[in-house]
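Please open the model in your viewer and keep the selection tool at hand.

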Amino acid sequence: MFEPLQDWRYRRLFSAQCMALLGTGLATIALALLAYELAQERAGVVMGTALAIKMVAYVIVAPLAQAFAERLPRRGVLIVLEMLRGSVVLLLPFVTEVWQVYVLIFVLQSASAAFTPTLQATIPAVLREESRYVKGLALTRLAHDLENLLSPLLAAYLLTLMSFNLLFVGTALGMFASAALIATTILPRVERTEQRSYAARALRGVRIFVHTPSLKGLTAIHFAIAAGGAMVLVNTVVYVQGVLALGQREVALVMACFGVGSMSVALLVPHIIHRVRDRTIMLAGCLATVLAMAIGALTPQTLWSLLLLWPLLGAALGAGVTTAGRVLLHSSRESDRPAVFAAHFSISHAAWLVTYPTAGVVGARYGLDAAFLVLGVLALLGTVLAVRAWPAGLVLTVEHEHADLSPDDPHLADAQGGRHAHPIVIDDLHGSWPAPGGRVGRL
């Protein structure tokens, strides 16, 4: 798993990513505390809106920024974006109005929406062997889980020494250090070839999602998991400081419990992935989310219930996202994977765009019990849709015939009577998922 770190270029890029993640984690804690200082009991609304702005940037700005960045040197783009992110974060301690938070968050997350896809697109050029690239993806997942654990713990320690506003300084330092590492890394030249526009690639990826049962199920799974994650990220500060009347360090420590649950599952999955199907692991995460939401809605709000529910929701998140990459790889051809991964990036963040404001608005207007209940219903709905869209007995190898191919087409070389069978993946020749013995047309 750690083999990719032997490549010095990847090692520096991975280190840069870890520093940026650590800084982002500190900023999340500091932003929650800033929201509480500015809005008190309406802090959940502020956090929900700020996180919704983040998702808007990821869903809308990301494709446009990435398409523009493809025409520029990647290293320069990454450096400029990290410096921009760090500079914006340094302005957050000086805000005095909620609207100022929203403006800065939009600029910050727009830069992040360009930075993340650009960095992800750089890794395959460094780790050209597929096996090493897959291991690199596993390291990235581990880095995210460690950030969920270590950032709150570091924030809890720093809050014993300084005010929360200084956490934004730590965030900026992490991003500036990330930019410095990227600046010292010589990235391989990427041969530019004529490709579809980003709009065409995004549309293609969405169409593949719409016609692939496993990807439709994955979309619903992300929606269910996002319901639980939104409750944690939006309402933790309200729960701990508003309801339980505890302090800022307790906010950070409770967030760390969420990270522990996520990382525990991420470490477990590689050991069971050969015995348990991706679908089973993901649906287990959905059911855990529904269970946690039900417990939260029906039990008294205490610190002990929080310490039970947040690790459970973290584990649910880990189960729902850790194997998503495998599903994408198995559901697309190599030539279509950029489009499919781009669609997944937008679709998965669109789920959070719905659940973030829901968690904030319902929690502020009707209380945390109502927030647990409403988000639990959304998680249950996502789970049911996932089960229906991605059947347990889905047959991948389907006998079918092509409606618009001539009998001498190379694709029909093994066909008998115009029919043949092979594992189905939506592509140019298979525009829909065929019923056994059915006909398919072009995408």
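Select helix 8 (213-243) together with helix 14 (residues 368-389), whose axes come within 7 Å and cross at roughly 170°; helices here are DSSP runs (H or I, at least four residues) numbered from the N terminus, and axes are lines fitted to C-alpha atoms over the stretch in contact, with angles from 0 to 180 degrees between N-to-C directions. Helix 8 and helix 14 are therefore roughly antiparallel to each other, a term for angles over 145 degrees. Their crossing is left-handed, meaning that the near helix is turned anticlockwise from the far one by less than a right angle.

This is a predicted model, in which local features need pLDDT of at least 70 and side-chain atom pairs count only at pLDDT 80 or more, while totals for chains, interfaces and linings use all residues. Residues are numbered from 1 along each chain as its sequence is written, and side-chain values use heavy atoms, without hydrogens and water.

Next, select Thr28, Ile29, Ala32, Met47, Leu233, Val234, Thr236, Val237, Val251 and Met255, which line the largest cavity, a set of points on a 1 Å grid where a 1.4 Å probe fits but cannot get out, with lining residues having an atom within 4 Å of a point. Helix 1 (8-39), helix 8 and helix 9 (248-272) each give two or more residues to this lining, and helix 8 gives the most, with four. The largest cavity holds about 60 Å³ of space, a volume being the space filled by probe spheres set on the points.

Finally, colour domain 1 (1-188) and domain 2 (204-390): both give residues to the lining, so the largest cavity lies between them.

Key. 1 Å grid on protein atoms, 1.4 Å probe; cavity = no way out; pocket = protein on both sides within 12 Å on 5 of 7 lines; lining within 4 Å. Domains from an automatic or database assignment. Parallel < 35°, antiparallel > 145°, perpendicular 65-115°, else oblique.
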